[in-house]
Amino acid sequence: MPSFGLAVSVPTGPFTSSSNFSENPQWEPHCQYRNVQDRVRITADIPPRLDGTWVSTSCEVRPSPEFLTRSYTFHPNRHFQALQHYYTDSGCEDPSYSLIIRGKIRLRQASWITRGGTEAEHHLTKVGIVVHSLAAKQRLSSRLPSTCVGLNLGQVVPGKFYELYSTRAGRGCLAALGFSMMEMSLVRVETQYHNHGWKVQELFLGDIHTDWTQRIQYKPTGYQQPLQNAMHHIHPCPVCALVYRSTEQRPPVLPRSPVAHLSLGGQWVSQHCETRPNVLFLTRDFTFDPHQHAWEGIYRHYSDPACSQPTFTLRASGHYAQGNPSVKISGASEFVFKVTQVRATAMEVPTAKLLNSTKPGKCGQARGWEVGVEQDLTPTDGCTVLGIKLPHKEYELFKIELDHRKHPLLFIGERPTDGSSPDRPLRRPTSFQAPMVFCSGRSTQVSRSGFKSKQVQLAASGTERLPQLAFLVFGSVLCGWLCVY
């Protein structure tokens with residue numbers, strides 16, 4: 001992404017109380033720095049409990065790009081107060097302006113689109129702005145109308161509160177800023193229970209559309225990077241304390257992060273089950289060979305937010321070239337990736353049946369799909385029903401940061417919300433997907449034909465998920481380097 005409290009009004013009818021549970025997911029490789037003590041169990045209750053303050057754990061990057069930190073407080077009386085601090089830099093060291101948002105939220109029913117999420121309605125009562133410098137005032141003057149709700153930018157004094165919106169005035173100023181709280185339309189809270197009795201709580205709010213012109217009216221089906229509960233967060237977290245103590249007059253100035261060298265060699269994996277817009281749950285497993293400039297990516301798709309019910313797996317490979325440092329995001333670098341081979345495995349009977357229904361020459365061996373058996377899609381130049389076209393080139397954005405334990409995290413460009421592909425330089429991402437963790441630095445050879453197939457444990461599944469899968473694949477929405485139209 002990304003004070004007042006929010007009262008949670010929960011209708012009894014539409015809700016069925018439930019809890020998703022997972023422990024040390026089976027898809028996760030045994031990372032060198034992870035051991036038995038790092039195993040956690042995760043629960044996600046529906047409806048979620050939002051009471052308390054939730055804060056950013058790092059400088060967040062939104063499409064465009066925008067750099068911000070967030071502090072959201074929810075009270076039992078349905079009121080909330082949100083602080084959003086915006087910056088000029090990707091390290092959140094130079095505050096530009098802060099928004100203070102007040103309103104009410106009401107949780108509705110479990111989402112019928114994004115499994116595991118809860119739909120909500122919000123009502124804004126007031127939005128105010130505090131500009132932090134004369135330079136920020138000049139930048140805003142090019143975006144905001146000359147007069148906003150009685151606010152004349154020429155008379156703005158840095159550090160002073162000005163009202164941008166209230167129930168008595170319009171939303172013209174908010175639209176000019178690209179401001180929207182539609183992220184509150186989709187809510188999920190996860191609780192991680194670690195050994196020694198401590199826990200971490202994360203608040204997932206709806207994703208922000210990657211197209212600036214669509215973000216105000218976009219109703220999310222995926223999530224942003226989560227906020228963490230100010231009382232139950234990962235330790236140590238110096239950013240959490242800074243954001244928690246912040247006010248609209250005193251935005252947090254984050255400490256400068258250690259410089260992390262962009263070295264891709266080795267294996268990187270998802271930290272948890274990832275949710276994408278348009279009903280996608282997946283995990284990613286990448287291996288890079290910098291000597292051959294080769295890569296392989298394994299995308300395991302599931303039908304549930306705990307990534308326990310596999311539907312199909314994609315294994316792509318190809319080559320990459322590193323370009324110039326990004327001029328938009330400090331510390332990030334531009335890349336060009338070429339996908340030359342894709343293999344697919346149906347992980348359940350409905351998926352195999354669907355792939356067997358494709359025309360000959362359009363998706364691997366005609367009527368040759370079996371559960372658990374991998375097929376090469378390269379001879380048919382991809383798979384039309386999965387939206388895969390080969391060969392394929394994409395323009396990417398990569399960045400490496402260090403986590404609270406000084407372990408490297410790999411950030412890869414966020415996929416376009418509409419499911420299209422960044423197949424031109426102008427479509428290069430300006431924000432990131434969830435970070436991946438470094439697993440192994442062992443020298444690994446990535447050949448043109450890809451790796452040998454890895455054994456994947458099958459989960460029992462039934463035909464009831466066929467309609468969901470059909471919606472997914474016929475919508476041609478895939479993640480990784482495979483979103484092709």
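**View 1. D285 is buried and forms a salt bridge with R300.**
In this predicted model, D285 has a relative accessible area of 3%, which places this residue among the buried ones. The closest N and O atoms of R300 and D285 are 4.0 Å apart. The two residues link distant parts of the chain, since R300 belongs to strand 18 (residues 294–302) and D285 to strand 17, and they are 15 residues apart.

A search of the whole structure finds 20 salt bridges.

**View 2. The side chains of R284 and E274 meet in a salt bridge.**
The N to O distance in this pair is 2.9 Å. Distant parts of the chain are linked by the pair, with R284 in strand 17 (residues 280–289) and E274 in strand 16 (residues 274–276), 10 residues apart. R284 counts as buried because its relative accessible area is 2%, and E274 is buried with a relative accessible area of 2%.

**View 3. E163 forms a salt bridge with K126.**
The closest N and O atoms of E163 and K126 lie 3.7 Å apart. This pair, too, links distant parts of the chain, for E163 is found in strand 11 (residues 161–166) and K126 in strand 8 (residues 118–131), 37 residues apart. E163 counts as partly exposed, because its relative accessibility is 22%, and K126 counts as partly exposed at 29% relative accessibility.

**View 4. L99 is one of the residues that touch the most other members of the largest nonpolar core.**
This core holds 37 residues, and those touching the most other members are F74, F80, L99, I101, F179, M181 and L203. When residues up to four places away in sequence are not counted, L99 touches A82, L83, Q84, Y86, G128, I129, L164, L177 and F179.

**View 5. Another core lies apart from the largest one.**
This other core has 33 residues, and among them are L264, F288, W295 and L386.

Note on methods. Residues are numbered from 1 along each chain as its sequence is written. This is a predicted model: local features need pLDDT of at least 70, side-chain atom pairs count only at pLDDT 80 or more; totals for chains, interfaces and linings use all residues. Side-chain values use heavy atoms; hydrogens and water are left out. A nonpolar core is a set of buried Ala, Val, Leu, Ile, Met, Phe, Trp, Tyr and Cys residues joined through side-chain atoms within 4.5 Å. Buried means under 20% relative accessible area, exposed over 50%, partly exposed in between (1.4 Å probe, protein chains only). Contact means heavy atoms within 4.5 Å. Helices (H or I, at least four residues) and strands (E, at least two) are DSSP runs, numbered from the N terminus.
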